[in-house]
Structures are given as C-alpha cells and as structure tokens.
Amino acid sequence: MARFKRILFQPLLFLAVLLPGVLCFSELFFVKEPRDVTVLRKDVVIMDCQAQGELPIRIRWLKNGSPAVESDRVYQLSNGSLFISETESRKGEKSDEGSYQCLAQNKYGAILSQKARLTIASKFRTLVPLAVMAGSWDGP
C-alpha cells in the first residue's frame with residue numbers, strides 16, 4: 001500500500017514543484033464595466049472600469065477599437081475609470097463620441113469589457129410654426 005501511495009503522489013508532487021503558476025492561477029474579472037451613456041456637449045463623463053484578480057492589474061482604454069488618446073481633458077483615474085472633463089462633439093477623431101472598452105491585464109492574461117457607446121446629444125429648441133393671418137382669428 002505504501003508503494004501505491006508513493007506511485008500516485010510522486011507525479012503530483014512533481015507537478016506542484018515544477019508548475020506553481022498553474023496551481024496558483026488567479027482569475028481576472030470585471031467588478032465594473034462601462035455602460036452606454038448619452039450626455040450634452042461640455043458635460044463631464046466617467047466611464048467605469050474596475051477589474052479584480054492577482055495584482056498588478058493594468059487597465060487600458062480603447063475607443064472605436066484603438067487605444068484611447070489621453071489629454072488634459074481625457075484621462076484614466078487611479079481606479080481604472082475613464083474621465084472626460086468636457087465632452088466634445090466635433091467631426092472626426094476629435095469627437096468624444098464612439099464605442100469605448102476597457103482592457104484589463106495581469107500576468108495571467110487579459111480580458112476585454114463589453115462595448116459602451118458614448119453619445120453626445122444636441123441641445124435644440126423646437127420651434128412651433130405660428131401663422132397669423134389678418135382676419136383669420138375671431139378672438140374670444
């Protein structure tokens with residue numbers, strides 16, 4: 001019986017010594033993911049992204065599938081969320097509108113969040129056409 005136990009446990013001990021990374025695998029998962037948001041031009045936006053797993057975890061942001069460009073107006077917070085101080089709706093690359101995702105990485109791998117759409121609504125006034133023609137109103 002002792003010989004049987006040694007034959008059974010010797011390969012397991014070998015695996016435990018040579019492959020500690022496999023036995024100590026740590027999952028990486030999102031605690032918060034970005035969500036679709038609609039704002040007015042010049043509004044502040046915070047797109048959430050927080051991941052949990054073995055540290056260190058690096059968070060990066062993608063906009064329309066490419067790395068998001070940070071500036072004094074657009075930057076990543078210490079908790080991983082993306083902060084936009086004044087949303088812009090210019091044409092082309094300078095617009096903040098688009099599809100955002102966060103990418104979380106640690107030494108075991110990477111995960112990509114769901115896509116979140118940032119839409120900038122326009123302020124507009126609805127003008128109701130008012131036609132007044134002479135003699136067309138009878139009054140009270």
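Thr-87 touches Val-39, Leu-40, Arg-41, Lys-42, Asp-43, Val-45, Arg-73, Asp-96 and Ile-120, leaving out residues up to four places away in sequence; a contact here is heavy atoms within 4.5 Å. This is a predicted model, where local features need pLDDT of at least 70 and side-chain atom pairs count only at pLDDT 80 or more, while totals for chains, interfaces and linings use all residues. Residues are numbered from 1 along each chain as its sequence is written, and side-chain values use heavy atoms, with hydrogens and water left out.

**The overall picture**

- The protein has 2 helices and 11 strands; both kinds of element are DSSP runs numbered from the N terminus, with helices being H or I over at least four residues and strands being E over at least two.
- Going along the sequence, you read the pattern α-α-β-β-β-β-β-β-β-β-β-β-β.
- Out of 140 residues, 25% count as buried. Buried means under 20% relative accessible area, exposed means over 50%, and partly exposed is in between (1.4 Å probe, protein chains only).
- Take the contacts with a separation of 6 or more: 59% of them are between residues 24 or more positions apart.
- The accessible surface comes to about 10,700 Å², and 58% of that belongs to carbon and sulfur atoms. Those areas come from the Shrake-Rupley method with a 1.4 Å probe, and for residues only the protein chains shown count as cover.

**Thr-87, Ser-95 and the loop between S8 and S9**

- Thr-87 sits in the loop between S8 and S9, and with a relative accessible area of 0% it is buried.
- Ser-95 belongs to the loop between S8 and strand S9 (98–106) as well. Its relative accessible area is 6%, so Ser-95 is buried.
- A polar atom of the Ser-95 side chain lies 3.1 Å from the backbone nitrogen of Glu-97. For reference, a polar contact is a pair of N or O atoms within 3.5 Å; within protein, one must be able to donate a hydrogen and the other to accept it, and residues adjacent in sequence count only if both atoms are side-chain atoms.
- Setting aside neighbours within four places in sequence, Ser-95 is in contact with Lys-63, Glu-88, Ser-89 and Arg-90.

**Ile-84 in strand S8**

- Ile-84 is part of strand S8 (residues 82–84), and it is buried at a relative accessible area of 1%.
- Beyond its neighbours within four places in sequence, Ile-84 is in contact with Asp-43, Val-44, Val-45, Arg-73, Val-74, Asp-96, Tyr-100 and Leu-118.

**The disulfide**

- There is 1 disulfide in the structure, a disulfide being a pair of cysteine sulfur atoms within 2.5 Å.
- The link joins Cys-49 to Cys-102, with 2.0 Å from S to S. It ties together distant parts of the chain, 53 residues apart: Cys-49 is in the loop between strand S3 (45–47) and strand S4 (50–52), and Cys-102 is in strand S9.
- The link of Cys-49 and Cys-102 is right-handed, with 80° about the S-S bond.
- Cys-49 counts as buried at 0% relative accessibility, and Cys-102 counts as buried at 0% too.

**Strand pairing around S5 and S9**

- Strand S5 (residues 58–63) and S9 run antiparallel and are joined by 6 bridges; two strands pair if DSSP finds at least two bridges between them. Within this pairing, Arg-60 stands opposite Leu-103 in S9.
- S5 is also joined to strand S6 (residues 66–67), antiparallel again, by 2 bridges. Here Leu-62 stands opposite Pro-67 in S6.
- The hairpin of S5 and S6 has 2 residues between the strands, and Asn-64 in it takes a positive phi near 55°.
- S9 pairs with strand S10 (residues 109–112) in the antiparallel sense over 4 bridges, with Leu-103 opposite Leu-112 in S10. A hairpin joins S9 to S10 through 2 residues.

**The aromatic pair**

- The structure holds 1 aromatic pair. The rings of Tyr-75 and Phe-83 have centres 5.2 Å apart and planes at 40°, so the pair is tilted.
- The rule: rings of Phe, Tyr and Trp (its six-membered ring) pair if their centres lie within 6.5 Å, and planes under 30 degrees apart count as stacked, over 60 as edge-to-face and the rest as tilted.
- Tyr-75 counts as partly exposed at 31% relative accessibility, whereas Phe-83 counts as buried at 17%.
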